[in-house]
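Me: I would like to go through this structure feature by feature. Please give the general idea where there is one, then the case at hand.

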Amino acid sequence: MSTARNFDIEKIRKDFPILNQEIYDKPLIYFDNAATTQKPQQVIDKITEIYSFENSNIHRGIHYLSERLTERYENARIAIQSFINAKKPEEVIFTNGTTHSINAVAYSFGEKFIKEGDEVIISEMEHHANIVPWQTVCKRKQASLRYIPINEHGELKLDEYKKLLNDKTRIVSVTHVSNTLGTINDIQEIIRLAHERNIPVLIDGAQSIQHMAVDVQSLDCDFFAFSGHKVYGPNGTGVLYGKEQWLEELPPYQTGGEMIKKVTLSNTTFNDLPLKFEAGTPNYVGAIGMAQALDYLSGIGLSGIFEHEEQMLDYATKKLKEIDGLRIYGTAERKISVVSFLLGDIHPYDTGMVVDKMGIALRTGHHCTEPLIDHFKIPGTVRASFAIYNTKEEINALYESLLKTKQMFA
(Lines give C-alpha, C1' and ligand atoms only; values in the text may rest on other atoms or scores of the structure.)
Protein backbone atom coordinates (compact mmCIF):
# COMPACT_ATOMS: atom_id res chain seq x y z
CA MET A 1 0.00 0.00 0.00
CA SER A 2 1.28 3.45 -0.90
CA THR A 3 0.97 5.70 2.11
CA ALA A 4 2.59 8.75 3.60
CA ARG A 5 6.20 8.42 4.71
CA ASN A 6 6.54 6.92 8.23
CA PHE A 7 2.77 6.35 8.30
CA ASP A 8 2.04 2.75 9.26
CA ILE A 9 -1.52 2.21 8.04
CA GLU A 10 -1.66 -1.45 9.07
CA LYS A 11 -0.62 -0.62 12.62
CA ILE A 12 -3.12 2.23 12.79
CA ARG A 13 -6.00 0.06 11.57
CA LYS A 14 -5.28 -2.46 14.34
CA ASP A 15 -5.86 0.34 16.88
CA PHE A 16 -9.55 0.55 15.89
CA PRO A 17 -11.48 -2.55 17.00
CA ILE A 18 -14.70 -1.55 15.20
CA LEU A 19 -12.99 -2.08 11.84
CA ASN A 20 -12.55 -5.80 12.55
CA GLN A 21 -16.07 -6.82 11.63
CA GLU A 22 -18.26 -7.65 8.67
CA ILE A 23 -21.44 -5.87 7.56
CA TYR A 24 -23.80 -7.92 5.37
CA ASP A 25 -21.00 -10.52 5.07
CA LYS A 26 -18.62 -7.86 3.77
CA PRO A 27 -15.64 -6.28 5.61
CA LEU A 28 -16.74 -2.95 7.08
CA ILE A 29 -15.52 0.05 5.08
CA TYR A 30 -16.19 3.22 7.03
CA PHE A 31 -16.36 6.41 4.94
CA ASP A 32 -18.58 8.49 7.27
CA ASN A 33 -15.77 10.14 9.20
CA ALA A 34 -16.97 13.71 8.73
CA ALA A 35 -20.06 12.75 10.77
CA THR A 36 -18.10 10.94 13.48
CA THR A 37 -14.76 9.18 13.66
CA GLN A 38 -14.13 5.78 15.18
CA LYS A 39 -12.28 5.45 18.49
CA PRO A 40 -8.82 3.92 18.98
CA GLN A 41 -8.38 1.25 21.64
CA GLN A 42 -6.38 3.56 23.90
CA VAL A 43 -9.31 5.99 24.14
CA ILE A 44 -11.72 3.13 24.86
CA ASP A 45 -9.31 1.75 27.48
CA LYS A 46 -8.95 5.14 29.16
CA ILE A 47 -12.71 5.56 29.50
CA THR A 48 -13.07 2.03 30.85
CA GLU A 49 -10.22 2.60 33.31
CA ILE A 50 -11.81 5.72 34.75
CA TYR A 51 -15.26 4.18 35.19
CA SER A 52 -13.72 0.99 36.59
CA PHE A 53 -11.27 2.45 39.11
CA GLU A 54 -11.47 6.25 39.47
CA ASN A 55 -15.03 7.47 38.91
CA SER A 56 -16.00 10.32 41.23
CA ASN A 57 -17.42 13.82 40.87
CA ILE A 58 -14.66 16.36 40.42
CA HIS A 59 -13.87 19.67 42.13
CA ARG A 60 -14.72 20.47 45.75
CA GLY A 61 -14.39 16.84 46.86
CA ILE A 62 -11.69 16.29 49.50
CA HIS A 63 -11.51 12.50 49.16
CA TYR A 64 -8.88 10.62 47.18
CA LEU A 65 -10.95 9.72 44.09
CA SER A 66 -12.33 13.22 43.66
CA GLU A 67 -8.94 14.86 43.99
CA ARG A 68 -7.31 12.36 41.63
CA LEU A 69 -9.95 12.77 38.92
CA THR A 70 -9.98 16.57 39.31
CA GLU A 71 -6.26 16.55 38.59
CA ARG A 72 -6.79 14.36 35.51
CA TYR A 73 -9.57 16.66 34.27
CA GLU A 74 -7.45 19.78 34.60
CA ASN A 75 -4.48 18.00 33.03
CA ALA A 76 -6.76 17.23 30.07
CA ARG A 77 -7.41 20.95 29.78
CA ILE A 78 -3.67 21.62 29.72
CA ALA A 79 -3.20 18.92 27.07
CA ILE A 80 -5.81 20.58 24.84
CA GLN A 81 -4.25 23.99 25.49
CA SER A 82 -0.96 22.57 24.21
CA PHE A 83 -2.59 20.85 21.21
CA ILE A 84 -4.11 24.08 19.88
CA ASN A 85 -1.40 26.34 21.38
CA ALA A 86 -3.71 28.49 23.49
CA LYS A 87 -1.91 31.00 25.68
CA LYS A 88 -3.45 29.77 28.95
CA PRO A 89 -5.42 26.69 30.08
CA GLU A 90 -8.11 29.09 31.32
CA GLU A 91 -8.86 29.85 27.66
CA VAL A 92 -10.02 26.25 27.13
CA ILE A 93 -13.69 25.70 27.99
CA PHE A 94 -15.09 22.17 27.98
CA THR A 95 -18.46 21.85 26.23
CA ASN A 96 -20.52 18.97 24.85
CA GLY A 97 -19.55 19.74 21.25
CA THR A 98 -19.16 22.37 18.54
CA THR A 99 -22.89 23.16 18.55
CA HIS A 100 -22.80 23.91 22.28
CA SER A 101 -19.65 26.02 21.85
CA ILE A 102 -21.13 28.16 19.05
CA ASN A 103 -24.42 28.59 20.91
CA ALA A 104 -22.50 29.74 23.99
CA VAL A 105 -20.72 32.48 22.03
CA ALA A 106 -23.81 33.47 20.03
CA TYR A 107 -25.95 33.85 23.14
CA SER A 108 -23.37 35.47 25.42
CA PHE A 109 -21.85 37.75 22.79
CA GLY A 110 -25.28 38.62 21.46
CA GLU A 111 -26.60 39.54 24.89
CA LYS A 112 -23.78 41.97 25.57
CA PHE A 113 -22.61 43.32 22.24
CA ILE A 114 -25.36 43.00 19.59
CA LYS A 115 -28.17 45.54 19.39
CA GLU A 116 -30.85 46.62 16.93
CA GLY A 117 -29.42 47.49 13.51
CA ASP A 118 -26.13 45.63 14.04
CA GLU A 119 -24.85 42.97 11.64
CA VAL A 120 -23.33 39.49 11.95
CA ILE A 121 -21.41 37.84 9.10
CA ILE A 122 -21.34 34.11 8.39
CA SER A 123 -21.11 32.23 5.06
CA GLU A 124 -23.36 30.28 2.71
CA MET A 125 -21.43 27.06 3.37
CA GLU A 126 -21.98 26.93 7.14
CA HIS A 127 -23.26 23.92 9.04
CA HIS A 128 -26.67 24.55 10.62
CA ALA A 129 -24.86 24.76 13.97
CA ASN A 130 -23.25 27.98 12.75
CA ILE A 131 -26.39 29.37 11.11
CA VAL A 132 -29.34 28.78 13.42
CA PRO A 133 -27.75 30.25 16.60
CA TRP A 134 -26.92 33.47 14.77
CA GLN A 135 -30.36 33.62 13.11
CA THR A 136 -31.90 33.28 16.56
CA VAL A 137 -29.71 35.98 18.09
CA CYS A 138 -30.30 38.38 15.19
CA LYS A 139 -34.08 37.92 15.41
CA ARG A 140 -34.04 38.45 19.15
CA LYS A 141 -31.85 41.57 18.93
CA GLN A 142 -33.34 42.86 15.63
CA ALA A 143 -29.96 42.66 13.93
CA SER A 144 -29.12 41.53 10.37
CA LEU A 145 -27.37 38.33 9.35
CA ARG A 146 -25.15 38.70 6.28
CA TYR A 147 -23.73 35.82 4.22
CA ILE A 148 -20.40 35.50 2.40
CA PRO A 149 -21.28 33.97 -1.01
CA ILE A 150 -19.45 31.08 -2.68
CA ASN A 151 -18.27 30.46 -6.24
CA GLU A 152 -18.94 27.44 -8.44
CA HIS A 153 -15.99 25.54 -6.92
CA GLY A 154 -17.33 25.96 -3.41
CA GLU A 155 -14.87 28.64 -2.34
CA LEU A 156 -15.75 31.77 -0.40
CA LYS A 157 -15.74 35.00 -2.41
CA LEU A 158 -13.41 37.06 -0.25
CA ASP A 159 -13.87 40.18 -2.40
CA GLU A 160 -17.55 40.07 -1.47
CA TYR A 161 -16.63 39.43 2.17
CA LYS A 162 -14.59 42.65 2.20
CA LYS A 163 -17.68 44.56 1.01
CA LEU A 164 -19.81 43.08 3.81
CA LEU A 165 -17.50 44.33 6.57
CA ASN A 166 -18.61 47.70 7.91
CA ASP A 167 -19.06 49.73 11.09
CA LYS A 168 -22.22 47.79 11.95
CA THR A 169 -20.47 44.39 11.88
CA ARG A 170 -20.18 43.04 15.42
CA ILE A 171 -18.76 39.53 14.82
CA VAL A 172 -17.74 37.16 12.02
CA SER A 173 -18.34 33.41 12.42
CA VAL A 174 -17.12 31.03 9.69
CA THR A 175 -16.16 27.42 9.24
CA HIS A 176 -12.51 26.49 8.86
CA VAL A 177 -13.43 23.56 6.59
CA SER A 178 -16.75 22.80 4.88
CA ASN A 179 -18.21 19.51 6.10
CA THR A 180 -20.03 19.06 2.77
CA LEU A 181 -17.52 20.30 0.20
CA GLY A 182 -14.22 19.79 2.02
CA THR A 183 -13.14 23.35 1.17
CA ILE A 184 -10.36 24.72 3.40
CA ASN A 185 -11.18 28.38 3.86
CA ASP A 186 -8.54 31.10 4.06
CA ILE A 187 -9.41 31.89 7.64
CA GLN A 188 -6.18 33.79 8.28
CA GLU A 189 -7.22 36.35 5.66
CA ILE A 190 -10.79 36.37 6.97
CA ILE A 191 -9.49 37.08 10.48
CA ARG A 192 -6.98 39.68 9.30
CA LEU A 193 -9.61 41.68 7.42
CA ALA A 194 -12.02 41.58 10.37
CA HIS A 195 -9.35 42.59 12.87
CA GLU A 196 -8.48 45.63 10.74
CA ARG A 197 -11.89 46.88 11.91
CA ASN A 198 -11.55 45.44 15.46
CA ILE A 199 -14.22 42.82 14.71
CA PRO A 200 -13.84 39.49 16.57
CA VAL A 201 -13.94 36.18 14.69
CA LEU A 202 -15.24 32.75 15.70
CA ILE A 203 -13.93 29.74 13.77
CA ASP A 204 -15.91 26.50 13.54
CA GLY A 205 -13.08 23.97 13.61
CA ALA A 206 -15.21 20.80 13.74
CA GLN A 207 -13.85 19.62 10.37
CA SER A 208 -10.27 20.89 10.60
CA ILE A 209 -8.84 19.89 13.99
CA GLN A 210 -8.61 16.18 13.01
CA HIS A 211 -6.88 16.82 9.69
CA MET A 212 -4.29 19.54 10.26
CA ALA A 213 -2.31 21.38 12.92
CA VAL A 214 -4.26 24.26 14.50
CA ASP A 215 -2.44 27.09 16.27
CA VAL A 216 -4.99 29.54 17.66
CA GLN A 217 -2.34 32.12 18.56
CA SER A 218 -0.89 32.07 15.05
CA LEU A 219 -4.38 32.28 13.53
CA ASP A 220 -5.22 35.05 15.99
CA CYS A 221 -8.86 33.92 16.09
CA ASP A 222 -10.93 35.18 19.01
CA PHE A 223 -12.91 31.94 19.40
CA PHE A 224 -12.38 28.41 18.07
CA ALA A 225 -14.82 25.51 18.50
CA PHE A 226 -14.47 21.78 17.90
CA SER A 227 -16.00 18.42 18.87
CA GLY A 228 -14.34 15.43 20.48
CA HIS A 229 -16.27 12.82 18.49
CA LYS A 230 -14.90 14.10 15.17
CA VAL A 231 -11.31 13.86 16.40
CA TYR A 232 -11.35 10.18 17.47
CA GLY A 233 -12.57 11.05 20.97
CA PRO A 234 -15.78 10.40 22.94
CA ASN A 235 -19.17 11.65 21.82
CA GLY A 236 -20.76 14.46 23.80
CA THR A 237 -17.45 16.31 24.25
CA GLY A 238 -16.10 19.51 22.80
CA VAL A 239 -14.03 22.61 23.33
CA LEU A 240 -14.59 26.33 23.09
CA TYR A 241 -11.34 28.26 22.94
CA GLY A 242 -11.65 31.96 23.62
CA LYS A 243 -9.14 34.72 24.12
CA GLU A 244 -9.00 35.54 27.80
CA GLN A 245 -10.11 39.15 27.35
CA TRP A 246 -13.28 38.07 25.56
CA LEU A 247 -14.12 35.30 28.00
CA GLU A 248 -13.73 37.75 30.88
CA GLU A 249 -16.15 40.19 29.26
CA LEU A 250 -18.86 37.76 28.19
CA PRO A 251 -21.66 36.76 30.55
CA PRO A 252 -22.07 33.00 31.14
CA TYR A 253 -24.28 31.08 28.73
CA GLN A 254 -25.57 28.67 31.39
CA THR A 255 -25.86 29.04 35.14
CA GLY A 256 -26.08 26.71 38.12
CA GLY A 257 -23.53 24.79 40.13
CA GLU A 258 -19.76 24.94 39.66
CA MET A 259 -19.78 28.23 37.73
CA ILE A 260 -20.39 30.26 40.88
CA LYS A 261 -18.03 31.80 43.41
CA LYS A 262 -20.68 32.77 45.95
CA VAL A 263 -24.50 32.55 46.04
CA THR A 264 -26.81 34.34 48.45
CA LEU A 265 -30.58 34.71 48.35
CA SER A 266 -30.15 38.11 46.73
CA ASN A 267 -27.11 37.79 44.46
CA THR A 268 -24.59 35.50 42.73
CA THR A 269 -20.92 36.08 42.01
CA PHE A 270 -19.62 34.08 39.06
CA ASN A 271 -16.52 31.92 39.23
CA ASP A 272 -13.18 32.64 37.59
CA LEU A 273 -12.25 31.30 34.17
CA PRO A 274 -12.66 28.65 32.93
CA LEU A 275 -15.25 27.44 35.47
CA LYS A 276 -17.44 30.48 34.77
CA PHE A 277 -18.56 28.74 31.55
CA GLU A 278 -18.77 25.16 32.86
CA ALA A 279 -22.07 25.00 34.73
CA GLY A 280 -23.07 21.75 36.39
CA THR A 281 -21.22 18.45 36.62
CA PRO A 282 -18.94 18.30 33.56
CA ASN A 283 -18.35 15.29 31.36
CA TYR A 284 -15.00 14.70 33.03
CA VAL A 285 -14.59 11.19 31.63
CA GLY A 286 -15.26 12.52 28.13
CA ALA A 287 -12.80 15.40 28.55
CA ILE A 288 -10.05 13.01 29.64
CA GLY A 289 -10.92 10.68 26.77
CA MET A 290 -10.77 13.57 24.31
CA ALA A 291 -7.30 14.54 25.55
CA GLN A 292 -6.28 10.89 25.11
CA ALA A 293 -7.49 11.00 21.50
CA LEU A 294 -5.44 14.11 20.79
CA ASP A 295 -2.43 12.42 22.37
CA TYR A 296 -3.01 9.49 20.00
CA LEU A 297 -2.98 11.83 16.98
CA SER A 298 0.15 13.58 18.22
CA GLY A 299 1.85 10.21 18.48
CA ILE A 300 1.12 9.51 14.81
CA GLY A 301 2.04 13.04 13.73
CA LEU A 302 -0.31 15.58 12.18
CA SER A 303 1.89 16.13 9.13
CA GLY A 304 1.78 12.40 8.33
CA ILE A 305 -1.97 12.37 8.85
CA PHE A 306 -2.48 15.29 6.48
CA GLU A 307 -0.25 13.70 3.85
CA HIS A 308 -2.01 10.33 4.06
CA GLU A 309 -5.47 11.86 3.84
CA GLU A 310 -4.37 14.07 0.94
CA GLN A 311 -3.34 10.90 -0.89
CA MET A 312 -6.74 9.36 -0.16
CA LEU A 313 -8.51 12.46 -1.48
CA ASP A 314 -6.44 12.62 -4.67
CA TYR A 315 -6.86 8.93 -5.36
CA ALA A 316 -10.61 8.91 -4.66
CA THR A 317 -11.20 12.02 -6.79
CA LYS A 318 -9.39 10.56 -9.79
CA LYS A 319 -10.99 7.14 -9.36
CA LEU A 320 -14.56 8.39 -9.01
CA LYS A 321 -14.17 10.73 -11.98
CA GLU A 322 -13.71 7.61 -14.12
CA ILE A 323 -17.39 6.76 -13.56
CA ASP A 324 -19.48 8.18 -16.38
CA GLY A 325 -22.17 10.53 -15.10
CA LEU A 326 -20.71 10.96 -11.60
CA ARG A 327 -20.58 14.63 -10.57
CA ILE A 328 -18.41 15.91 -7.71
CA TYR A 329 -19.56 18.94 -5.72
CA GLY A 330 -16.77 20.91 -4.08
CA THR A 331 -13.77 21.36 -6.35
CA ALA A 332 -11.84 23.93 -4.35
CA GLU A 333 -8.10 24.15 -4.85
CA ARG A 334 -7.54 23.49 -1.12
CA LYS A 335 -9.61 20.63 0.33
CA ILE A 336 -9.56 18.06 3.10
CA SER A 337 -10.45 14.41 2.47
CA VAL A 338 -14.15 14.76 1.61
CA VAL A 339 -15.76 13.88 -1.73
CA SER A 340 -19.43 14.77 -2.20
CA PHE A 341 -21.05 13.52 -5.37
CA LEU A 342 -24.16 12.42 -7.25
CA LEU A 343 -24.28 9.31 -9.39
CA GLY A 344 -26.16 10.21 -12.55
CA ASP A 345 -29.84 10.80 -11.81
CA ILE A 346 -29.91 8.34 -8.91
CA HIS A 347 -31.18 9.90 -5.69
CA PRO A 348 -28.41 10.09 -3.07
CA TYR A 349 -30.46 8.03 -0.57
CA ASP A 350 -30.81 5.23 -3.11
CA THR A 351 -27.08 5.24 -3.80
CA GLY A 352 -26.30 5.17 -0.10
CA MET A 353 -28.70 2.30 0.63
CA VAL A 354 -27.33 0.10 -2.15
CA VAL A 355 -23.69 0.77 -1.26
CA ASP A 356 -24.48 0.04 2.40
CA LYS A 357 -25.49 -3.51 1.46
CA MET A 358 -21.94 -3.91 0.16
CA GLY A 359 -20.52 -3.09 3.60
CA ILE A 360 -19.63 0.54 2.89
CA ALA A 361 -20.80 3.33 5.21
CA LEU A 362 -21.41 6.66 3.44
CA ARG A 363 -23.43 9.73 4.40
CA THR A 364 -26.32 10.94 2.22
CA GLY A 365 -28.55 14.02 2.34
CA HIS A 366 -27.95 17.70 2.97
CA HIS A 367 -25.34 17.16 5.71
CA CYS A 368 -26.88 19.91 7.87
CA THR A 369 -26.03 22.46 5.16
CA GLU A 370 -29.40 22.99 3.46
CA PRO A 371 -28.64 26.53 2.19
CA LEU A 372 -25.46 25.19 0.55
CA ILE A 373 -27.33 22.30 -1.08
CA ASP A 374 -30.00 24.76 -2.27
CA HIS A 375 -27.23 26.89 -3.81
CA PHE A 376 -26.31 23.98 -6.10
CA LYS A 377 -30.00 23.23 -6.78
CA ILE A 378 -29.68 19.54 -5.92
CA PRO A 379 -31.56 17.24 -3.49
CA GLY A 380 -28.41 16.42 -1.54
CA THR A 381 -25.22 14.49 -2.12
CA VAL A 382 -23.52 11.22 -1.31
CA ARG A 383 -20.50 12.03 0.87
CA ALA A 384 -17.41 9.88 1.33
CA SER A 385 -15.09 11.25 4.00
CA PHE A 386 -11.72 9.65 4.69
CA ALA A 387 -9.71 9.30 7.88
CA ILE A 388 -6.36 8.00 9.10
CA TYR A 389 -7.43 4.34 8.86
CA ASN A 390 -8.80 4.38 5.29
CA THR A 391 -6.94 2.82 2.36
CA LYS A 392 -6.81 2.92 -1.43
CA GLU A 393 -8.11 -0.65 -1.48
CA GLU A 394 -11.25 0.56 0.29
CA ILE A 395 -11.65 3.33 -2.28
CA ASN A 396 -11.37 0.70 -5.01
CA ALA A 397 -14.22 -1.19 -3.32
CA LEU A 398 -16.30 2.00 -3.29
CA TYR A 399 -15.59 2.47 -6.99
CA GLU A 400 -16.76 -1.07 -7.78
CA SER A 401 -19.88 -0.66 -5.62
CA LEU A 402 -20.83 2.53 -7.47
CA LEU A 403 -20.44 0.80 -10.82
CA LYS A 404 -22.80 -1.94 -9.60
CA THR A 405 -25.24 0.67 -8.30
CA LYS A 406 -25.23 2.43 -11.64
CA GLN A 407 -25.91 -0.88 -13.41
CA MET A 408 -28.83 -1.63 -11.10
CA PHE A 409 -30.50 1.70 -11.90
CA ALA A 410 -29.66 1.69 -15.62
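Reply: We can begin with the pocket. The model is a predicted one. Its largest pocket has a volume of about 350 Å³.

Me: How should I read the side chains of a strand, with S17 as the example?

Reply: In a regular strand the side chains alternate between the two faces of the sheet. In S17, Thr381, Arg383 and Ser385 point one way, while Val382 and Ala384 point the other way.

Me: Why is strand S17 described as largely enclosed by the rest of the structure?

Reply: Strand S17 covers residues 381-385, and five of the five are buried, so the rest of the structure largely encloses it.

Me: Which strands pair with S17, and in what sense?

Reply: S14, residues 338-343, pairs with S17 in the antiparallel sense over four bridges. In that pairing valine 338 stands opposite serine 385. S16, residues 363-365, is also antiparallel to S17 and is joined to it by three bridges. There, glycine 365 has threonine 381 as its bridge partner.

Me: How can the length of helix H4 be checked?

Reply: Compare the expected span with the distance between the end C-alpha atoms. Helix H4 has 16 residues (98-113), which at 1.5 Å a residue should span 22 Å; the end C-alpha atoms are 22 Å apart, so the two agree. Among the buried residues of H4 are Ile102, Val105 and Phe109.

Me: Is histidine 229 buried or exposed, and what is it in contact with beyond its sequence neighbours?

Reply: Histidine 229 sits in the loop between strands S9 and S10. Its relative accessible area is 17%; the cut-off for buried is under 20%, so histidine 229 counts as buried. Outside the four places either side in sequence, its contacts include Ala35, Thr36, Lys39 and Pro234. The C-alpha atoms of histidine 229 and threonine 36 are 5.7 Å apart, although 193 residues separate them along the chain.

Me: Which backbone angles deserve a look?

Reply: The peptide bond from leucine 273 to proline 274 is cis, with omega near 0°. Glutamine 142, not a glycine, has a positive phi of about 60°; it is exposed, at 53% relative accessibility. Cysteine 368 also has a positive phi, near 60°, and is partly exposed at 32%.

Terms used:
Residues are numbered from 1 along each chain as its sequence is written. This is a predicted model: local features need pLDDT of at least 70, side-chain atom pairs count only at pLDDT 80 or more; totals for chains, interfaces and linings use all residues. Side-chain values use heavy atoms; hydrogens and water are left out. Helices (H or I, at least four residues) and strands (E, at least two) are DSSP runs, numbered from the N terminus. The expected span of a helix is 1.5 Å times one less than its number of residues. Buried means under 20% relative accessible area, exposed over 50%, partly exposed in between (1.4 Å probe, protein chains only). On a 1 Å grid over the protein atoms alone, a cavity is a set of points where a 1.4 Å probe fits but cannot get out, and a pocket is an open set with protein on both sides within 12 Å along at least five of seven lines; lining residues have an atom within 4 Å of a point. Grid points are joined across faces, edges and corners, and a volume is the space filled by probe spheres set on the points. Two strands pair if DSSP finds at least two bridges between them. Contact means heavy atoms within 4.5 Å.
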